[in-house]
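Hi everyone, thanks for making time.

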Amino acid sequence: RRQRQMCKETGWIHEIILESCQSYKKEEIPVIALLDGENACPPEDCNGIWGYRKMLKALEKPRSKAAREYKEWLGYNFDPTEFDLDETRGLLAEIVD
């Protein structure tokens with residue numbers, strides 16, 4: 001079952017695919033297992049969807065002044081296609097606990 005979720009404050013759209021769902025007894029601890037994912041989360045304070053798109057466009061030309069400014073602002077080389085499954089599982093565990 002697919003579910004698309006849009007955050008009204010930011011306009012970001014998140015898609016979650018639920019592979020299975022089970023009932024739990026009251027004394028059991030529910031388990032959430034993240035199987036996969038794709039793409040990095042946008043950096044904090046990138047000014048929403050439009051600011052993020054502007055940043056991605058600038059980073060397409062890594063030697064441009066705008067790209068250098070974004071890299072300096074970020075403090076690291078941002079890869080929008082990167083997804084760290086273990087890190088995301090850890091963040092999810094913090095939310096669920």
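A word on ground rules first. This is a predicted model, so local features need pLDDT of at least 70 and side-chain atom pairs count only at pLDDT 80 or more, while totals for chains, interfaces and linings use all residues. Residues are numbered from 1 along each chain as its sequence is written, and side-chain values use heavy atoms, leaving out hydrogens and water.

Let's start inside. Which residues make up the largest nonpolar core? There are nine: C46, Y52, M55, A58, L59, A67, Y70, L74 and F78. By nonpolar core I mean a set of buried Ala, Val, Leu, Ile, Met, Phe, Trp, Tyr and Cys residues joined through side-chain atoms within 4.5 Å. Buried is under 20% relative accessible area, exposed is over 50%, and partly exposed is in between, with a 1.4 Å probe and protein chains only. Two elements give two or more residues to this core, α1 (48-59) and α2 (65-74), and α1 has the largest share, with four. Helices here are DSSP runs of H or I with at least four residues, strands are runs of E with at least two, and both are numbered from the N terminus.

Zooming in on A67, we find that this residue touches A58, L59, K61 and P62, leaving aside residues up to four places away in sequence. Contact means heavy atoms within 4.5 Å.

Now for α1 itself. The buried residues in α1 are G51, Y52, M55, A58 and L59. Why are they on the same side of α1? Because they cover an arc of only 125° around the axis, where the arc is that of the directions from the helix axis to the C-beta atoms. W50, R53, K54 and K57 are exposed on the other side. As for a partner, the buried residues of α1 pack against α2.

On to charges. How many salt bridges does the structure hold? Three, counting a side-chain nitrogen of Lys or Arg within 4 Å of a carboxyl oxygen of Asp or Glu. One joins E60 and K57, at 3.8 Å from N to O, and both residues are exposed.

Another links E69 to K65, with the closest N and O atoms 3.9 Å apart. These two sit four residues apart in α2, about one turn of the helix. K65 is exposed at 57%, whereas E69 is partly exposed at 47%.

Then D86 meets R89, also listed at 3.9 Å, N to O. Both belong to α3, three residues apart. D86 is exposed at 59%, and R89 is partly exposed at 36%. R89 also touches L34 and L35, not counting residues up to four places away in sequence. Its C-alpha atom is 9.3 Å from that of I32, though they are 57 residues apart along the chain.

Last, some backbone angles. N39 has a phi near 70°, a positive value in a residue other than glycine, and N47 has a phi near 70° too. N39 lies in the loop between β2 (13-17) and α1, and N47 is found in the loop between β2 and α1 as well. N39 is partly exposed at 40% relative accessibility, while N47 is exposed at 69%.
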